[in-house]
Amino acid sequence: MADTTQAATEGAEYSEDQIAVHWREEEYVQPPEEFKAQANANDESILERFSADRFPECFVEYAELLTWDKKWDEIVDTSNPPFFKWFVGGRLNASVNCVDRHLESRGEENAIIWVPEPEDSEPVEITYRELHRRVNEFAALLKEFCGVKPQDRVTFHMPMVVDLPVAMLACARLGVIHSEVFGGFSGHACGQRMGDAKSTILVTMDAYYRNGDLVDHKIKADEAVEAARKEGIEVEKILVFRRIPGEYHSQSEMVEGRDFFVDELLPQYSGQEVEPESMKAEDTLFLMYTSGTTGRPKGAQHSVGGYLSYVTGTSKYYQDIHPDDTYWCFADIGWITGHSYIVYGPLALGTTTVMYEGVPTYPDAGRPWRIAEKLGVDIFHTAPTTVRMLRKVGPDEPAKYDYHFKTMTTVGEPIEPDVWRWYWKVVGKGQAAITDTWWMTETGGFLGSTLPFLQPMKPGSCGPEALGIQLVIYDENGNEIPKGSGKAGYICVRNPWPGRMLTVWGQDERFIDTYYKRFNKDSNSKDWRDWPFMCGDGAVEAEDGYFRILGRIDDVINVAGHRLGTKELESAAIEVDEVAEAAAVPVFDDVRGKVVEMYIALKPNVSAGDEEVAKKVSAQIERDIGKIARPKNVWVVPDMPKTRSGKIMRRVIAGISNFADVGDVSTLANPEVVDQIRDHVQSEKRARGEDVQELSKHEEEEIKTFGASSE
Ligand code: 6R9
């Protein structure tokens, strides 16, 4: 990573109060007493058990929640930093832990309740026994029909249907590495990831319901095949689930010999059981691709033993999951949150996990609360963007429904204190604990949060470090910033922990460069203490040890909880023939947190009109990355503001898009374009009613330094 991001470090000049004018240090809110007695973490001794001087033994408590074929010989092997290996010598299978071991005590209980989007369709209940049958049959199909071997990669491009966790667990049973690409991403994005993972089998679905429509999805598989081919990978088999049994809802033609309907193949494997592979703890369970500073998405490679231990332990203590809870994590499985906290953690604990197919507001903003009431959900988990949306369109809806949550979680973005309060008072009816969980794809599970019934909540702060995690904030010179100083810096984890990714798939150097290089003082050191893990966020630690997360310090725009790399957006735009240059910037948005705006400069002598090119750019971004990345606006400008060395100054256009100060433009090679662009963009925005939004000090700081790493 370049010498980045003063987003965080420049904040260092401000005190806590100044950083967030609208977002000051909040008072504690005490968790409800009502649930304390039943809580998994209900006495302070747990904090002792996981204190820093108990590293690494403390994590044995998590590993012991699992069933092992063979116990480990060593808790953690740190001999080759930063490639730490957990529970070395241990062997286990993730599908056995999530399914088989619950059969005896909970075989007839629900493992998954799937709620289809159309409200006239009844929720589908899948018992552990039924899940076991389905996982085995699909595993048999993968093994025999596709010929997969342990540690081969299989890519999924699946929406929120039960077949997705079934397919994940079937891979886990075989020791095959799954790589699920978020269903909302484009076929192109899927194909690129297949290329990177060298995966020749794709599991997909013909269509799924979204906002009342049956959306064609198989069509994306054709694009994926093309994109993978460009990466040198020929897709051999596409397994297609059908959303409505016996019907096919896609414009895409099934290709003979390559595309197969799963429901036509499965009867051959009916009732088959597949012996689970006994995997090494440090083998790979799955890949999850994520964006970073440079163009290519990175495959975060997660382990079987360490990862599963970590998500099980954190599900137990932070989600407070018991087998008889009905737990609903309203997120997408195509996101790390779904892997860890819809599928692996909850199922390892033998609880009932709810999956919902559709959008929060379909057919109206009461839907989530009707689901909660009908299914008796007592643990609810979602992202701030969903909370904001539900608050905006249905602020009074929760009061109409009779449900009772004991904990409510947020994840993915900072939650604004006033949104937090609505969540607390209106959604939680003042009776539930809120856990704000901060972490990322790379970390497998939570890094910062409160134990729901032991630690008080503080709106806008995620809380202290999670059990066994030792957080530290460094300034740009690698000096520790003391807590309570009010200064912001780069938040890092001092110690290894079992949930951390093993490496970036196929790119060990990139793993070191991205997460370790900046704060490692001696690259030859064999002492883990010299290898703090850089999380990629700016943060402030208050006197009481609670962390306030300020956002990404790399060129990543977090849209509704999805990480989008500016480089990926820009390279998509440049694929449009007429485009000479492109720059992506974030614009603050009251529902989605941030949205993307694109600036483009055209090649000389382009005959197409600006509007036509702007449309093409939007379409190309949608094609390459997905709808989620579709820019709010595409501005065609005569020239980009540039430094004398020709680098686009993104902070200047980011300032314009957000009606904020553009800062110092004296170093620009072409300062005259700034006024020109501002006049055009801001008058157009005013005309569209996208008017001035008041920014907090921290938001202003973020805009002022946006893209600094690539200048
Ligand atoms: C789990 C997940 C990671 C980035 C992360 C940070 C932001 C996540 C947050 C939060 C403030 C929270 N983030 N949780 N910011 N408070 N509770 O979201 O993974 O998609 O990889 O995103 O999301 O900026 O660095 P991922």
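**Close-up 1. Helices H18 and H19 are oblique to each other**. In this predicted model, in which local features need pLDDT of at least 70, side-chain atom pairs count only at pLDDT 80 or more, and totals for chains, interfaces and linings use all residues, the axes of H18 (residues 566-574) and H19 (residues 610-624) come within 8 Å and cross at roughly 125 degrees. Residues are numbered from 1 along each chain as its sequence is written, and side-chain values use heavy atoms, with hydrogens and water left out. Angles run from 0 to 180 degrees between N-to-C directions of axes fitted to C-alpha atoms, for helices over the stretch in contact; those under 35 degrees count as roughly parallel, over 145 as roughly antiparallel, 65 to 115 as roughly perpendicular and the rest as oblique. Leu 569, Ala 572 and Ala 573 of H18 meet Val 617, Gln 620, Ile 621 and Asp 624 of H19, contact meaning heavy atoms within 4.5 Å.

**Close-up 2. The largest cavity has a volume of about 80 Å³**. A cavity is a set of points on a 1 Å grid over the protein atoms alone where a 1.4 Å probe fits but cannot get out, a pocket is an open set with protein on both sides within 12 Å along at least five of seven lines, and lining residues have an atom within 4 Å of a point. Of the 13 residues lining this cavity, Phe 84, Trp 86, Pro 498, Arg 500 and Leu 502 lie nearest its centre.

**Close-up 3. The second largest pocket holds about 1,200 Å³ of space**. Its lining comprises 39 residues, with Phe 182, Arg 210, Val 359, His 562 and Ile 628 nearest the centre.

Notes:
Helix = DSSP H or I, 4+ residues; strand = E, 2+ residues; numbered from the N terminus. Points joined across faces, edges and corners; volume = space filled by probe spheres on them.
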